[in-house]
Amino acid sequence: MRIHKTCDGVKRRDFLKVGVLGGAGLSLASYLRLLEAGEVAEKSRGMSAIFVNLPGGPSHMDTFDLKPNAPTEFRGTFNPIDTNVPGIQISEHLPKLAGCMDKFVILRGVSHTLGAHALGQEYVNCGSRPLPSLEYPGYGAVVVKETEQNNPTDLPSFVAVPNNTQQRPGFLGVKYAPLNTGDTPKAGQPFSVRGISLQGGLTVAQVEKRQGLLSDLDATFRAVEEDSQLLEGLDRFSEQAHSIITSKRSRDAFDISKESPAFAEPFGADPFGLSCLLATRLVESGVRFITLQLGGWDTHQDNWTRLSKGNGRSPGLLPQLDTGLSSLLNGLEQKGLLESTAIFVTGEFGRTPKINTRSAEGGRDHYPRCMFMLQAGGSVRGGQAIGESDEKASMPANEGFTPDDVAASFYHNVGIDPAKEYQTNTGRPITIVRDGSVIRKMFA
Amino acid sequence: MRIRLILSLAICMTLVGASWQTATADDAIAAINQRFASADVQETPNFQKHVVPLFGRLGCNGRACHGSFQGRGGFRLSLFGYDFQADHDAIFNEDSPRVDRENPLASLILAKPIDEDVHEGGKRYEKDSWQFHVIRRWIEGGAEFKKEQVQKLTELKIVPNEILLSKTGEEVQVKAIAIWEDGSQEDVTPLCRFQSNDDQVAEIDQNGLVTATNRGDTHLVISYDKAVVPVPVIRPVTDLVGDKYPQVAARTKVDELVIEKLRKLGVVPSEVCGDAEFLRRVRLDLTGTLPTAEEVKAFLTDEDSNKRGKKVDQLLETPAYAAWWTTKLCDFTGNNTQNLNNVSSVGREHPPTQDWYDWIYRRVEQNVTYDKIVEGIVASNNMPPGQSYTEYCKMMSDVYREDDKSYADLPAMEYYWSRRDFNNNMEARAIGFAYSFMGLRIQCAQCHKHPFDVWSKDDFHQFKNFFARIQPAARNAPREYRDEYNKLVKELGIEGKRNNELQRELPALLKEGKTIPFGAITTSNRLLRTNNPDEEYPKFDDGKLLGGDVVDVMKVDDPRKVVMDWLRGADNPFFAKAFVNRTWAAYFNAGIVNPPDDLNLANPPSNKALLDHLSKGFIESGFDMKWVHRTIANSDTYQRSWQPNDTNKLDERNFSRAVPRRLPAEVAYDAIQQATASNAKAKSLCDSIDGRAIAIAGASARNGGNNGPAFALAVFGKSTRESNCDCDRSSEPSLLQTVFLQNDRDVLGLVDANRGTWLDGVARDLKPQPTTDDAATGRKSASLESQLKAAETQLQRFKKANNEQQVAKAERRISQLEKQLNESNASIAKVTTQPHESADEKVTSYIVDAYLRTLSRYPQQSELTRSVAYVQEANDPVEGLGDILWALINTKEFIVNH
């Protein structure tokens with residue numbers, strides 16, 4: 001019954017009062033000021049978001065930030081090609097993305113200092129440098145929390161394909177964790193998702209019958225439910241789970257075999273491409289946040305082979321990314337969803353500009369000081385390369401951006417004020433993004 | 001000294017017939033708003049006593065204003081004050097001084113708050129107000145501050161020190177008297193910060209005027225200088241107070257103290273619950289385990305009047321008790337997989353998380369006292385004095401090599417200090433230690449005065465120094481044994497190998513019988529500093545116990561031992577309290593102090609006498625953990641029904657009823673396994689910890705995965721043991737949990753008739769046709785028959801050929817095959833034998849069984865009728881019974897402890 005206080009003595013109830021206005025500690029006036037200044041987009045209600053994680057850390061110099069004139073020990077073997085936006089060049093192994101450069105923004109010269117996979121991942125998945133004393137919530141958890149009231153009840157709000165252990169709900173708690181599909185879809189087949197799809201030949205009719213039994217038997221606490229948040233919550237979630245399991249909408253959302261072959265064809269048959277196809281369906285159905293994953297970027301050795309052709313075991317990374325991501329952007333546009341879907345693509349860091357010679361072909365090692373990130377959808381004005389790295393892509397040429405800045409911009413794009421304050425369970429006031437400021441150019 | 005301060009501030013809770021202490025402010029200087037009311041005041045205010053508190057009162061040093069770490073408008077004050085020097089320096093900052101001694105009225109700290117000079121923070125006070133005169137007079141007096149003049153506040157006396165309200169709108173004025181160490185007293189009411197912990201009970205305005213709102217109890221919190229004083233406020237929930245309160249028996253001291261509080265509140269406790277309710281609850285709380293159907297039946301028929309007490313005693317001897325409370329201690333101490341990466345030479349084969357768990361498990365099982373366990377974790381060494389490093393490595397190698405040895409045999413659990421989040425970070429060590437063993441969140445004080453407690457930044461950074469000589473055990477040898485280490489490494493032929501190679505090779509060398517190097521915790525001979533330039537900290541060379549003595553940490557052998565002695569001292573205000581409070585919270589959904597890991601002054605216990613009684617008893621028992629469990633579990637307070645009455649249905653903090661709470665992740669996982677398992681398997685899950693989630697050693701937010709228990713445990717919020725907070729464990733409900741229970745392949749697999757499940761047994765019984773297993777048995781019989789036939793043909797052949805030797809051999813084989821065939825046929829016969837019950841009777845008894853194994857009670861008649869009807873309508877009774885089991889584990893009653 002005790003109302004817990006923040007360090008400032010602001011009580012939880014006060015947060016609720018201002019909560020509907022989008023921020024604790026924000027008066028209506030200051031909120032309106034922010035609105036005017038474009039700090040808070042008005043359309044958050046209808047926005048969805050897709051976060052494409054590239055774990056391992058993709059080489060920036062061989063993808064979106066090439067330096068053809070750099071010395072040999074830096075340059076790498078790939079050549080740049082023109083894109084459909086004059087003046088912007090990307091790697092020759094990304095021809096399809098080059099053809100839709102107008103739909104996304106490349107951020108170059110993003111920089112941080114965490115060179116370990118786990119920490120770097122944690123950082124880029126929440127936009128605040130990890131602290132030992134506190135776990136920041138990832139983007140998905142925040143977006144779902146902020147849009148809670150408007151999310152459909154017969155669909156999960158946050159889906160991770162196939163899973164995402166890096167975007168964690170942090171101090172927001174397990175109820176904002178994603179539903180992991182556990183697997184990626186197969187071309188032309190209905191996709192069975194753990195917990196959602198009916199298992200073992202069960203029919204909707206059987207499930208309904210069973211549910212009827214449950215609601216009759218689950219009567220012990222009925223008289224006291226309204227006095228207990230826990231019991232009430234369990235009741236609500238039980239109904240929602242049932243409606244997700246039995247709803248046609250949710251089954252359809254995951255069934256990529258329902259897409260027309262003409263629409264599905266460009267996504268190819270790789271797991272990543274099909275995940276992208278699934279993401280377009282999920283967004284269309286009303287899922288709020290989706291994370292996708294394409295791993296294998298930790299190219300300490302055989303960097304160029306692994307990026308372009310693959311090493312036999314797995315196909316080349318760039319063709320997979322090229323096909324999946326370009327189809328995702330084009331597909332969302334075809335469905336008229338690109339404007340209402342914010343897209344964020346990143347790995348945990350870039351890779352060393354100087355080529356290591358530990359293997360015959362050479363490779364690149366972890367390098368957080370200079371990396372790229374991509375943004376698209378929503379009010380992002382595509383067709384830009386913002387920011388710049390120096391001539392060897394070893395650091396930002398000017399001030400550069402931090403993952404915090406990109407995070408703030410992403411939240412801005414989704415319509416969430418990145419400076420909004422939450423309080424942790426220990427009563428500490430925390431802004432969603434600790435230090436970032438919105439990169440205005442992205443939207444100009 | 002500070003301990004005494006806290007104690008003297010602590011409020012006695014005897015409200016019965018309270019006659020309010022009238023203000024004894026006769027000796028005190030009058031309030032500052034009176035003294036500075038007029039412009040011609042001559043007094044010069046004091047920076048510590050008046051100016052800084054006034055900044056606090058006006059909100060200047062709040063986090064949204066100049067207390068922000070970036071400051072505001074180029075002016076930064078220490079958050080919540082108490083860093084006087086820094087604040088004074090900030091006021092005289094060369095670039096933009098806030099005070100003009102030559103022309104006081106032009107000083108920014110006067111002009112800004114009256115909004116004469118544009119002030120983003122708006123107008124804070126009127127020109128010519130007392131606040132204005134205080135600041136003006138301070139500037140006119142030279143705007144001085146001298147560090148050596150900082151005085152200690154002996155007491156902040158609040159009058160009245162307890163408040164009893166009776167109707168909405170009733171008002172009470174609170175007065176605060178500061179008593180300084182020089183004996184001087186001042187009425188500081190206008191300089192205090194006031195807040196109410198629940199303004200649904202009472203509101204308090206900034207002048208200390210209390211207004212009653214709704215019924216209930218809470219605390220007001222009054223802060224001034226370093227002091228934070230809670231004042232209890234009670235407004236009875238009903239008219240059943242005093243003489244009108246019904247007779248409620250208080251069987252134990254715990255009950256007496258709880259009822260004493262309830263009587264003031266007019267709350268009548270629920271009845272003592274029935275046996276079935278008690279058994280399920282105590283089983284889950286004490287052992288993290290659901291009772292089996294058999295256990296429920298036996299307990300309900302037991303006529304011993306002391307069967308509850310006996311059950312508690314019996315449960316305290318089970319492996320599940322040790323496992324579940326080991327899991328809890330692993331939560332509190334942070335046994336986290338990620339944090340123990342690469343800290344052990346043999347970590348891949350013998351994970352340190354397992355060592356950690358096993359070490360604690362052994363001691364909980366043997367009921368080693370809590371202080372000894374903590375001592376083994378924080379202040380002990382595995383390398384005895386005088387042992388050489390090589391001998392130590394030999395000993396450790398044996399521990400991991402020999403089957404009859406275990407890490408649990410060692411005197412110390414050294415990995416606590418090896419936690420990677422503690423690595424080279426003294427602040428993190430202090431924060432973690434205070435969290436684990438004192439239930440304190442002192443992290444606020446790392447950067448600013450703790451807003452809810454007495455701790456200042458200096459207190460924090462002096463305390464931290466007790467942990468600044470610890471050299472944690474790592475994979476390598478401690479520095480002082482480097483020569484021996486190098487020699488050992490050379491002999492082993494692993495010089496210069498990289499970490500990954502060592503991880504592979506060292507265990508192999510160990511198996512070959514070699515002595516391999518191990519890490520060991522040591523005490524550095526210098527004061528280590530945090531290895532992170534971002535950490536801002538004042539440098540102290542001594543250490544100071546929180547609220548206790550100053551110690552020269554370089555002059556003692558091992559500062560850890562000083563802290564340990566202090567912790568287990570009878571007058572330590574945190575150690576025993578933190579443990580009993582956390583244990584209480586595990587039984588009652590809320591701690592007496594709640595959240596249970598936040599023992600600060602502004603978060604007072606809901607029943608101080610109760611907390612004091614339990615911590616005193618715990619200390620007197622010699623830190624016997626089982627004493628705490630017995631004392632709680634045997635009380636009527638614990639055994640109350642969850643069924644509320646009109647007076648207590650909203651009570652969640654005064655323990656007048658059992659509050660339903662979701663099963664913890666591990667307990668939920670195990671309960672699902674056990675409730676759906678065959679009788680034999682259920683018994684084994686209940687009696688042992690094999691295959692149990694409560695026996696999983698490590699935890700982390702990162703090692704999720706989609707298979708096995710990891711998935712379910714993450715969904716149900718197993719502690720991530722990441723951030724020094726009991727809230728790393730979640731007991732909130734979520735959509736994914738209900739999706740999991742209703743439709744996850746793992747759960748459906750358990751509910752279905754698969755090998756080892758309850759429904760499989762039901763199916764074998766109800767459906768005489770061969771199941772998969774029977775078919776296999778049938779095939780086996782058929783195969784034996786054909787082998788027998790072949791052997792007989794052979795026998796005839798050998799007989800014809802008069803080959804005696806072969807004849808004898810074939811005869812032996814035939815008799816063997818006959819025996820096997822008989823056994824195989826008999827086993828088919830066994831599962832197809834019809835029992836005597838009719839089909840309907842069987843269905844009924846299976847429904848009863850399903851209730852006992854899930855909800856630990858018999859079904860009510862209406863439930864039974866509905867269930868029987870459901871099964872009868874089903875196409876197949878087995879399927880119907882499967883649905884009954886499914887529905888039962890999906891009831892709230894199943895997933896909730898009540």
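I count two strands as paired if DSSP finds at least two bridges between them. The model I am reading is predicted.

**Entry 1: strand 9 of chain B**

I started with strand 9, residues 216-224 of chain B, and its partners. Nine bridges join strand 9 to strand 10 (residues 227-235) of chain B. The two strands run antiparallel. I looked up one position in this pairing: His219(B) stands opposite Pro232(B) in strand 10 of chain B. Strand 9 and strand 10 of chain B form a hairpin, with two residues between them. In the turn, Asp225(B) has a positive phi of about 50°.

I then checked strand 6 (residues 193-196) of chain B. Four bridges tie strand 6 to strand 9 of chain B, again antiparallel. Here Ser196(B) has Leu220(B) in strand 9 as its bridge partner.

Next I asked how many residues of strand 9 of chain B are buried. I found nine of its nine. Gly216(B), Thr218(B), Leu220(B), Ile222(B) and Tyr224(B) point one way. Asp217(B), His219(B), Val221(B) and Ser223(B) point the other way. Both sets are buried.

**Entry 2: chain B overall**

Chain B has 35 helices and 16 strands. Its C-alpha trace spans about 135 × 80 × 50 Å along the principal axes. Of its 898 residues, 50% count as buried. I also looked at sequence separation. Among contacts in chain B between residues at least 6 apart in sequence, 68% join residues at least 24 apart.

I searched for cis peptide bonds. The bond from Val159(B) to Pro160(B) is cis, with omega near -5°. Pro160(B) sits in the loop between strand 1 (153-159) and strand 2 (163-164) of chain B. The bond from Asn594(B) to Pro595(B) is also cis, with omega near 0°. I placed Pro595(B) in the loop between helix 21 (575-588) and helix 22 (608-620) of chain B.

Phe655(B) has a phi of about 65°. Phe655(B) lies in the loop between helix 23 (625-633) and strand 15 of chain B. Is Phe655(B) buried or exposed? Phe655(B) counts as buried, because it has 31 C-beta neighbours inside 10 Å and the cut-off is 20 or more.

Ser856(B) is another non-glycine case, with phi near 60°. I found Ser856(B) in the loop between helix 32 (839-854) and helix 33 of chain B. Ser856(B) has 26 C-beta neighbours inside 10 Å, so it counts as buried.

**Entry 3: where chain B touches chain A**

I listed the contact between the chains. Chain B gives 60 residues and chain A gives 53. On the chain B side, the elements that give two or more residues include helix 15 (426-438), strand 15 (661-662) and helix 33 (861-873). Helix 27 of chain B makes the largest share of that side, eight residues. By class, the chain B side divides into 23 nonpolar, 18 polar and 19 charged residues.

**Entry 4: a helix pair in chain A**

I read the crossing of helix 7 and helix 8 of chain A as left-handed. Val204(A), Val207(A), Glu208(A) and Gln211(A) in helix 7 meet His242(A), Ile245(A) and Thr246(A) in helix 8. That contact has three nonpolar, three polar and one charged residues.

Notes
Residues are numbered from 1 along each chain as its sequence is written. Chains are lettered from A and ligands numbered from 1 in the order in which they are written. This is a predicted model: local features need pLDDT of at least 70, side-chain atom pairs count only at pLDDT 80 or more; totals for chains, interfaces and linings use all residues. Two residues are in contact if their C-beta atoms, placed from the backbone, lie within 7 Å. Ala, Val, Leu, Ile, Met, Phe, Trp, Tyr, Cys and Pro count as nonpolar, Asp, Glu, Lys and Arg as charged, and the others, Gly among them, as polar. A crossing is left-handed if the near helix is turned anticlockwise from the far one by less than a right angle, and right-handed if clockwise. A residue is buried if 20 or more other C-beta atoms lie within 10 Å of its own, exposed if 12 or fewer, and partly exposed in between; C-beta atoms are placed from the backbone.
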